[in-house]
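This briefing covers the aromatic rings of one structure and how they pair. Please look at the sequence and the model before reading on.

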Amino acid sequence: MAQAGQLNILEPGCPIQVEHDRKRRQFTVRLNGCHDKAVLLYEYVGKRIVDLQHTEVPDAYRGRGIAKHLAKAALDFVVEEDLKAHLTCWYIQKYVKENPLPQYLERLQS
């Protein structure tokens, strides 16, 4: 995977770039260079089923929309790979309620 340039999330107008590490099964956003990062973890729980387990953004970066970018990237991955998703993470559950797009809703596993 190509390495992204340094990203200082504190600068206004700086784009939030989500990276997907399939090997570690996580989506990440590098914060303030590469010292800190926000992360969304997932696990395969079946052949075509992923459990979106946990989203974590360091306290200093909360409230800036970073978790939304992680949630969108993870759900877009589920759609693109034609997977089903189980939502263990409360934040992803909230994101889907606030963004009830048909392509997300049809991929949810109860």
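Six aromatic pairs turn up when the whole of this predicted model is searched.

**Phe 27 and Tyr 42**

- The ring centres of Phe 27 and Tyr 42 are 5.6 Å apart and the ring planes meet at 40°, so this pair is tilted.
- Phe 27 belongs to strand 2 (residues 26–31) and Tyr 42 to strand 3 (residues 36–46), so the pair joins distant parts of the chain, 15 residues apart.

**Tyr 42 and Phe 77**

- Tyr 42 also pairs with Phe 77. Their centres are 5.4 Å apart and their planes are at 45°, which makes this pair tilted.
- Phe 77 sits in helix 1 (residues 66–80) and Tyr 42 in strand 3, so the pair ties together parts separated by 35 residues in sequence.

**Burial**

- Phe 27 has a relative accessible area of 3%, so it counts as buried, the limit being under 20%.
- Tyr 42 is buried, with a relative accessible area of 2%.
- Phe 77 is buried as well, at a relative accessible area of 3%.

**The cluster**

- Which residues form one aromatic cluster? They are Phe 27, Tyr 42, Tyr 44 and Phe 77.

Notes
Residues are numbered from 1 along each chain as its sequence is written. This is a predicted model: local features need pLDDT of at least 70, side-chain atom pairs count only at pLDDT 80 or more; totals for chains, interfaces and linings use all residues. Side-chain values use heavy atoms; hydrogens and water are left out. Rings of Phe, Tyr and Trp (its six-membered ring) pair if their centres lie within 6.5 Å; planes under 30 degrees apart count as stacked, over 60 as edge-to-face and the rest as tilted. Helices (H or I, at least four residues) and strands (E, at least two) are DSSP runs, numbered from the N terminus. Buried means under 20% relative accessible area, exposed over 50%, partly exposed in between (1.4 Å probe, protein chains only).
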